[in-house]
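Morning, everyone. I'll go from one chain, to the pair, to a few residues.

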2 protein chains.
Amino acid sequence: MFIDDAFAHLYSLSLAGLAVSTPNPNVSAAIYSPDGALIASGFHNRKLSPDHAEVIAIKGAQSLARGATLVVSLEPCAHTGTTPPCTQAIIDAEISKVIYAVSDPNPIAAGGAQVLKSAGIEVEHIHSAELEYVQRAWLHKVQSGKPLMIWKVATTLDAKVAASDSTSQWITGPQSREDVQLLRAQSDAILIGTNTAIVDNPHLIPRGHSARPVRIICGEQDVPASNQVFDKEARTVLVKSKSIPDLMSMLGDEGFNQVLVEAGPTFGSALLASGNIDEIIMYQAPKVLGGGKDFVSNLGISTLDDHLELQLLSVERCGSDIKSHYAVKGL
Amino acid sequence: MFIDDAFAHLYSLSLAGLAVSTPNPNVSAAIYSPDGALIASGFHNRKLSPDHAEVIAIKGAQSLARGATLVVSLEPCAHTGTTPPCTQAIIDAEISKVIYAVSDPNPIAAGGAQVLKSAGIEVEHIHSAELEYVQRAWLHKVQSGKPLMIWKVATTLDAKVAASDSTSQWITGPQSREDVQLLRAQSDAILIGTNTAIVDNPHLIPRGHSARPVRIICGEQDVPASNQVFDKEARTVLVKSKSIPDLMSMLGDEGFNQVLVEAGPTFGSALLASGNIDEIIMYQAPKVLGGGKDFVSNLGISTLDDHLELQLLSVERCGSDIKSHYAVKGL
């Protein structure tokens, strides 16, 4: 079916667009001729150009855009920001039909579908769960004012992140560690606590990727200036505070769509308990310790009925490990 | 391909034959005409008949067995036990060709392939990992003298089997609990410790299945005679001892192929530490407690390098939970 193929194409473009559209939405667009042939497509990459996805596709299609169909992952904006509204570019290009997958919940930019209809363009809204999923970080930010916070955890089968003597490298296998590099590259920022910075001295730069997410270290302990995290490879922000509201407000002000939390059990659990972890991605190695440090520390839950509820989004093998992905539904 | 289809058919028969062949191997067999059509098939069900799988298939094929091909999951036995050797039945039926998937490691019954060849029958050994897998409990028993011990664990994402106030019902969802019923039905015996018997008062009868595995309770505590586990629905064996060697020797004497261990952390960990857990099946619910009882207790491991190594055999969604299956490789 035409729309399935078009949405699959947009999904792969959107994956490539993760983290490079921030603070704007991660949008992809494609233009098809009346007989269904792909003319041009693109995604918003703010690191390369201010052009939105629709404009990139229209520029690629040139005069072939006239009478063509534009398929786009998000409702086109009707708002003048860094660039003029996409609706005007669509009208000017004489596109005949627009199909969009997700409605724009942003009150400043929404209403694009109506603007296009008023200009005589046929507009269709066909929802796609996949295209909503790949835009979920920005959608979450627009709705909550806070970035999507994903806590990445690597544990043994018995959920330990370190043995009782504190040894913790390497719990998971090479394929899981590679996967984490991609996760970093798809995030706008990576957050750790001062304790992790001091104990592990991580670099946090995604190996094998050109992306350079902002590194954020939060906490009251002094982190030596010689630590790797302070090198010049990416911007590093030190938040010398234990206040989670202050941290979240800073992250909101920065405009990040997605923050990857690579905190240890204490800081990660504090974020989880405060309702600021939206998703958990767990890499679980086929190892048993029978003791050591739990990935999550005391949440004040003493009886099973009071458990923190998650929703399993996906599970797959990752080399010799299991990768599972959860949405946090709350206490 | 003929052999792939034949092996797939044998695999499904072998699944149905789990636990009903004990103490004999779980064997399935099928007879095909020279043009590859299925004539007859069956699996060894000792609860219904002493006939081995080969004999069931031969009886089903009657005179059509003459000149036909027998495909069988295990090398046919050359040994007179409860029944005469299968090799003789195959020779008498004038089968022309035998294809078997797994060699018989049992010194008493092995050598069947050679006997058949000497009788002028064409014999081919085509190995199948799937058909070896479904017979692994009996193969393990023949090689080690002990049943295959599978520890079934149901935990939260943070590997807890109970909250700090000891509440533990229900951690996993309805689909995982259904799956456990099948696992019980495929096992010859179900083993728990006296503590689980006293605290949980489980019935251990597989709901929705006709199988009635033996219930074994091991430990020194007194279990009330009124407990469900002592009802007449299945045989129940009380092993009033904390000696794991004594327990394993009893299980070996019973001739069980597969024992499902549904013990709690203390007894389960003792079996694991003593090298008597061969596989772990874990049902992990999308719940977080942040404290409570770990599924595995202290194994005396203090540093990561000394971890107990497992091998991930399979992972799948089970309703809202994750089911993962591991082979224990050892400390």
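An unreviewed UniProt entry annotates residues 3-124 of chain A as "domain: CMP/dCMP-type deaminase". UniProt positions are given in the numbering used here, feature names are shortened, and annotations may be inferred rather than shown by experiment.

Some ground rules. This is a predicted model: local features need pLDDT of at least 70, side-chain atom pairs count only at pLDDT 80 or more, and totals for chains, interfaces and linings use all residues. Residues are numbered from 1 along each chain as its sequence is written, chains are lettered from A and ligands numbered from 1 in the order in which they are written, and side-chain values use heavy atoms, with hydrogens and water left out.

Now the whole of chain A. It has ten helices and 16 strands. Helices (H or I, at least four residues) and strands (E, at least two) are DSSP runs, numbered from the N terminus. The radius of gyration of chain A is 22 Å, close to the 20 Å that the globule rule gives for 331 residues, so chain A is as compact as a globular protein of that length. That radius is taken over C-alpha atoms, and the rule is 2.2 Å times the number of residues to the power 0.38. Along the principal axes, the C-alpha atoms of chain A fill a box of roughly 70 × 40 × 40 Å. Of the 331 residues, 55% count as buried. Buried means under 20% relative accessible area, exposed over 50%, partly exposed in between (1.4 Å probe, protein chains only).

Next, the pair. How is chain A superposed on chain B? By a rotation of 180 degrees, with 0.0 Å of shift along its axis and an RMSD of 0.0 Å. The two copies are thus related as by a two-fold rotation axis. In chain A, the C-alpha nearest the axis belongs to A159(A), 2.8 Å from it. The same surface serves both copies: 100% of the contact residues of chain A recur in chain B. Copies are superposed by least squares on C-alpha atoms of residues with pLDDT of at least 70 in both. Contact means heavy atoms within 4.5 Å.

Look at K160(A). This residue sits in strand β7 (residues 160-162) of chain A. Is K160(A) buried or exposed? Buried, with a relative accessible area of 2%. Its side chain makes a polar contact of 2.9 Å with that of D294(A). A polar contact is a pair of N or O atoms within 3.5 Å; within protein, one must be able to donate a hydrogen and the other to accept it, and residues adjacent in sequence count only if both atoms are side-chain atoms. Leaving aside neighbours within four places in sequence, the contacts of K160(A) include K160(B) and D294(B).

Over to chain B. S21(B) lies in the loop between α1 (2-17) and β1. S21(B) is buried too, at 1% relative accessible area. Its side chain reaches the backbone nitrogen of N26(B) at 3.3 Å. The backbone oxygen of P25(B) lies 3.2 Å from a polar atom of that side chain.

Last stop: helix α2 (residues 53-61) of chain B. Its buried residues are A53(B), E54(B), V55(B), A57(B), I58(B) and A61(B). Their cover includes β1 (28-32), β2 (38-43), β3 (69-74) and α3 (86-92) of chain B. Just after α2(B), Q62(B) takes a positive phi of about 50 degrees.
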